[in-house]
Amino acid sequence: MAALLAGIPQFRRPAALIASCCALVLLATVLLLPRAPPAPGQLATARDGAPVRLDSTGDRRSGNELLWQLPPTLPRAALFAAPGCTIRATDFFDASPGCPSCAGLPEERRFTSEALRRGYAVLAVSSRAESWSLDTEEGSELAAVESIIEWWVREKHPHQLAGLPLVGIGASSGGYFLSALAARVRFSSVAIMIAEGVFGAMEDIPANYPPALFVHMPKDDERAREVASNMGKLKGNRVSAGEIQCGELAVSAQFLAARIPGLTRAVADGLVDVLHRKGFVDEKGFLKKDGRSTPWKKAAEEAKVLPEGFRLERHVTEELNVAYAYHEFTSLKNGEIFEWFESHMDHKS
């Protein structure tokens, strides 16, 4: 398998796209303020109707930070999540005694909450640097994460997780990483979000490569073309492949307040008013630029619509990116993603 992946570090397009993706998000993380835990009442419910609180357990192995949580009911599957550039495992869980530094970004926490509600045990792992490495040398992140998943399933929770289907999701840099990791880890299926994967660098798709779902935003037309090409390559190698396209949305106060725990409707109304008055959105409420390129916070501060000590900058920016629909982790397609996982639970790799 090492020989198969030896060419991955030299691939051209994914490397360039990872770099560009990271450049887009770096600006949004430079001036981050401490983040508040979400407001109560934003919890999903488990299959038995009990509320699911995001209360993770953490560790550090091989230089990677990892956080996990088991569902309140008997697990039906295990899920590995690879965050994108500058996004960390802590963004998938709410602040709690087990993880006081967790941020609970709105899209990531919604995805985690839905996974737990459906009975998935969730493991999120942070990359060692701002984005994932695809090196295949001894001690590489690919080898480290393979070992981490094995440890988590076989040693940490053998009675709950051993023998269960394992699924994976990765976004942006994490999507490229997951597509390479799936050549060496026994996933029943994977979801590759806002990334086309590294299939162009593989001379051959490994036998029994897991079914792959591409979740992307076709406004990024170059990536959409690459996704179509890689889907064709997978299908040509008898690998099940599917796609979910995510389109843009108008920004409304209801949208922001409903998706960002802790953001009041009054503040959301003020933010949307600023977006309109400054011309950041068109007459229908669609953003003209993504959230990272829109100076909404400065405009909102000048208009005095933000409360003192406002700590939800990253959260608002993420939702503006979701609405713009060019490059962002999104939970809007949770139902379809989990349907993909659940329709391939019997895949044997």
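User: Why is L320 called buried?
Analyst: This is a predicted model, and in it L320 has a relative accessibility of 2%. Buried means under 20%, so L320 counts as buried.

User: What is L320 in contact with, leaving aside its neighbours within four places in sequence?
Analyst: Its contacts are V251, L256, L275, L287, G291 and W296; to count, heavy atoms must lie within 4.5 Å. L320 itself belongs to helix α11, residues 313-324. D290 is 30 residues away along the chain from L320, yet their C-alpha atoms are separated by 6.6 Å.

User: Turning to the sheet, how do you know that β7 and β8 pair?
Analyst: Pairing takes at least two bridges, and five join β7 (residues 166-171) to β8 (residues 189-193). The two strands run parallel. For G168, the bridge partner in β8 is V190.

User: What makes β3 and β10 the edges of the sheet?
Analyst: The eight strands form an open sheet with mixed pairing, in the order β3-β4-β6-β5-β7-β8-β9-β10. β3 (57-61) and β10 (241-245) each have a single partner strand, so one side of each is left without a neighbour in the sheet. On average, neighbouring strands are turned by 20 degrees against each other, direction ignored.

User: Which strands does helix α12 touch as it packs on the sheet?
Analyst: Helix α12 (residues 334-343) touches β5, β6, β7, β8, β9 and β10. Its direction makes about 155 degrees with that of β8.

Definitions and conventions. Residues numbered from 1 in each chain as written. Predicted model: local features only at pLDDT ≥ 70, side-chain atom pairs only at ≥ 80, totals over all residues. Heavy atoms only, no water. Helix = DSSP H or I, 4+ residues; strand = E, 2+ residues; numbered from the N terminus. Axes fitted to C-alpha atoms, helices over the stretch in contact; angles between N-to-C directions. Buried < 20%, exposed > 50% of the residue type's maximum accessible area, 1.4 Å probe, protein only.
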